[in-house]
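Hi everyone, thanks for coming. Have a look at the sequence and the structure, and then I'll walk you through a few spots.

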Amino acid sequence: MQLYDVLIVGGGPCGLAAGIEATKAGLSHLILEMGSLTESIRQYPRRMRFFSTAENIEIGGLPFAISDVKAGRNEALQYYRKAAAYYKLNFKLFQEVWEVHKEGDVFIVTTTAGEQYRARKVIMATGYFTRPRWLDIPGENLPHVSHYYDEPFKYSFTNVVIIGASNSAVEAALELYRHDVNVTIVHRGEDFRSTVKYWLVPDVKNRVKEGRIKTVFDSCVTQIDERQVIAVNVKTGEETNIPADFVFILTGYIPDADLLRRCDIELNPETQVPVFDKETFETNIPGLYVCGTVLAGIYTEKVFIENGREHAQSIIDHIMGREVHKVAELIQRI
């Protein structure tokens, strides 16, 4: 087997940034991605626009030139694909990593298909978007239920229930409402999450006030049936049956803690944040690093492309024995 200087697990923007930094440093590398290139972005809603401006999600010093200030999903998919081609990054797609273990000074990376790769250093850049927060309730696996929202057109003139009240839930609700969908938002809190983008708040609250988007707050969904959602008020215990042709459970996503444990990375049992050096991003296993949103544990709102892309330079600096680029913002956030 070929021995790579660096093996990167995950082909999202932060994984690609790590590959670019390795290339610049003259290190041989391999990127293993469980799906397509930038699989997580491919699964975003088709009409989604990024919160960050285009220049703040650039990688490898390549300008992200678009006519608008903020990029959409399709523009990002094109940009990261061209960045990977420009730097001639070496990757194998649809290769899901099962575990990483160290034998002496070499890491053995094993995929779910049983294939193995060898590397001197390994960077975990697996993100979190492939692991939804499951509610563990009856009916969550039904075919009309999804943890990912795609586009509005399929759902016109139907009843849709959205579980959750964060950015993704609010954006989906507004888009669905504007495409003739009867939308109901169910949330265990008494109002929308405080982290909802400020420009969305008046829009969604006015639609609620008009009765065009319905809300069932202070309630948890206890069961999903073929044609309805059953929600229970957490304060009164009152049960509400909500008609539902389709259900979107948009309650967030978390890194794959099981994978990290199989790699012998220590995790905080409460926050799922891995043990890592906040300057070098090296974990408790020497030579094994975390990069991007995977290091955030349950606090996924604190790490994103804008600051996660910087981890790559710090990691490669440490591997090369150079002065380490400091990501000061991360140290303050985590």
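**Cysteines, a helix and a sheet**

Let's start with Cys-291, which is buried, with a relative accessible area of 1%. Buried here means under 20% relative accessible area, with exposed over 50% and partly exposed in between (1.4 Å probe, protein chains only).

Quick background: this is a predicted model, where local features need pLDDT of at least 70 and side-chain atom pairs count only at pLDDT 80 or more, while totals for chains, interfaces and linings use all residues. Residues are numbered from 1 along each chain as its sequence is written, and side-chain values use heavy atoms, leaving out hydrogens and water.

Cys-263 is in none, as its nearest cysteine sulfur, in Cys-291, is 15 Å away. Cys-263 is also buried, at 2%. For Cys-291, the closest cysteine sulfur is in Cys-14, at 5.2 Å, which is too far for a bond.

Cys-14 is one of the buried residues of helix 1. Helices are DSSP runs of H or I, at least four residues, and strands are runs of E, at least two, numbered from the N terminus. After helix 1 comes Gly-26, with a positive phi near 80°.

Last stop: an open sheet of three strands, in the order 11-12-13, with antiparallel pairing. Strands pair if DSSP finds at least two bridges between them. Strands 11 and 13 stand at the edges with a single partner strand each, so one side of each has no neighbour in the sheet. Five bridges join strand 11 to strand 12.

Definitions and conventions:
A disulfide is a pair of cysteine sulfur atoms within 2.5 Å.
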